[in-house]
Amino acid sequence: MQQAPVTSELRDQAQRNRRRKKGHKEIDLSESCSGLNYFVRLLRSERLKEMATDSANGQHQGTTKLPPQPSPLRSSKFCQSNMRILITGGAGFIGSHLVDRLMENEKNEVIVADNYFTGSKENLRKWIGHPRFELIRHDVTEPLLVEVDQIYHLACPASPIFYKYNPVKTIKTNVIGTLNMLGLAKRVGARILLTSTSEVYGDPLIHPQPETYWGNVNPIGVRSCYDEGKRVAETLMFDYHRQHGIEIRIARIFNTYGPRMNIDDGRVVSNFIAQAIRGEALTVQKPGTQTRSFCYVSDMV
Ligand SMILES: NC(=O)c1ccc[n+]([C@@H]2O[C@H](COP(=O)([O-])OP(=O)(O)OC[C@H]3O[C@@H](n4cnc5c(N)ncnc54)[C@H](O)[C@@H]3O)[C@@H](O)[C@H]2O)c1
């Protein structure tokens, strides 16, 4: 026997019958809300027209918003003179050098938020107890509420050994962590800098890479939690800028080296130095034609 096709009309009718049996009263919402529906449709069509015009003009972002205002707390008499700066990942290699640099200015107050996954309090020993310095154990995948003027968002393991150890956590740190920091920047009107990476170019086909190059990337590889995570983080930065007017900076960092680098982080400079100190032969990975752009950490910060 052939079964009749179940049309949406028949389904609706069956639903109405079931409701009636249960004692539900039928109310025709289309009548009572016709004015409202018309208004919503009008708004939608106006917005669609606006979006279409934006798109035709090459402005896909829609209306540009004014930047958010700093929190009123910033103009209180206790906050006026100092610039309050949050550094996520400030207990790590580059972050701790950035702390040193920013603390040189007596008008800066520095707050570090770090979960110590790859960083350590030891890197910040000389600042612990300083009246202009504060250290918070905090994971950026959780929201953070602090009144600051600037955010340097560095939190993320940088070495493949550590970021591949827990790839899901790495991508959460990059995506949720960056969303949390952008949310904070929006709330308090702070400027935010993201430390991105040369890895956003993937396995580049152009050397050296100009910023206009979009990369040759792999979304499913074992390094993608880091590379793609940073690409999403960059996208979020630009979307918050376009949509909410947040003032943003992105630094695409290439191989940085210097004191406080983790000796066993598996990168070429630390490997060479560690092997040289132990009197071992230096390992050069195949094919031996790889290139890197190096930067000393004091030039970076
Ligand atoms: N060192 C480089 O050559 C290099 C190259 C490109 C990009 N970067 C970027 O620069 C930043 C700093 O790199 P680094 O070399 O100092 O690395 P690092 O591993 O020494 O420092 C990262 C810091 O972030 C902290 N951290 C990690 N996950 C966190 C989380 N979920 N919540 C809070 N804190 C967290 C770690 O404990 C550590 O203190 C990173 O964002 C990295 O991606 C570094």
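Hi everyone, let me begin with a term: helices (H or I, at least four residues) and strands (E, at least two) are DSSP runs, numbered from the N terminus. This is a predicted model, in which local features need pLDDT of at least 70 and side-chain atom pairs count only at pLDDT 80 or more, while totals for chains, interfaces and linings use all residues. Residues are numbered from 1 along each chain as its sequence is written.

First, the overall picture. The chain has 9 helices and 8 strands. Of its 301 residues, 25% count as buried, meaning that 20 or more other C-beta atoms, placed from the backbone, lie within 10 Å of the residue's own.

Now let's visit one residue. Ser96 sits in helix 4. Is Ser96 buried or exposed? Ser96 counts as buried because there are 29 C-beta neighbours inside 10 Å. Two residues are in contact if their C-beta atoms, placed from the backbone, lie within 7 Å. Leaving aside neighbours within four places in sequence, Ser96 is in contact with Gly90, Ala91, Asn123, Leu124 and Arg260. Ser96 and Gly119 are 23 residues apart in sequence, and 8.8 Å separates them in space, C-alpha to C-alpha.

Gly119 brings us to the ligand. Which residues are closest to the ligand? They are Gly89, Gly92, Thr118, Gly119 and Ala158, out of 28 that surround it; a residue is near a molecule if its C-beta atom, placed from the backbone, lies within 6 Å of it. Helix 4, helix 6 and strand 5 are the elements that give two or more residues to this shell. The largest share, 3 residues, comes from helix 4.

Next, the largest nonpolar core. A nonpolar core is a set of buried Ala, Val, Leu, Ile, Met, Phe, Trp, Tyr and Cys residues joined through C-beta atoms within 7 Å. Of the 36 residues in the largest one, Ile85, Ile87, Val112, Ile151, Ala185 and Ile192 touch the most other members. At least two residues of this core come from each of strand 1 (83–88), helix 4 (93–103), strand 2 (108–114), strand 4 (150–153), helix 6, strand 5 and helix 7. Val112, leaving aside neighbours within four places in sequence, has contacts that include Ile87, Gly90, Ala91 and Leu124.

Last stop, helix 7. Its buried residues, among them Cys225, Tyr226, Met237 and Tyr240, pack against helix 5 (160–163), helix 6 (167–188), strand 5 (191–197) and strand 6 (248–253). Just after helix 7, Gly245 takes a positive phi of about 75°.

Technical notes. Buried ≥ 20, exposed ≤ 12 C-beta atoms within 10 Å, placed from the backbone.
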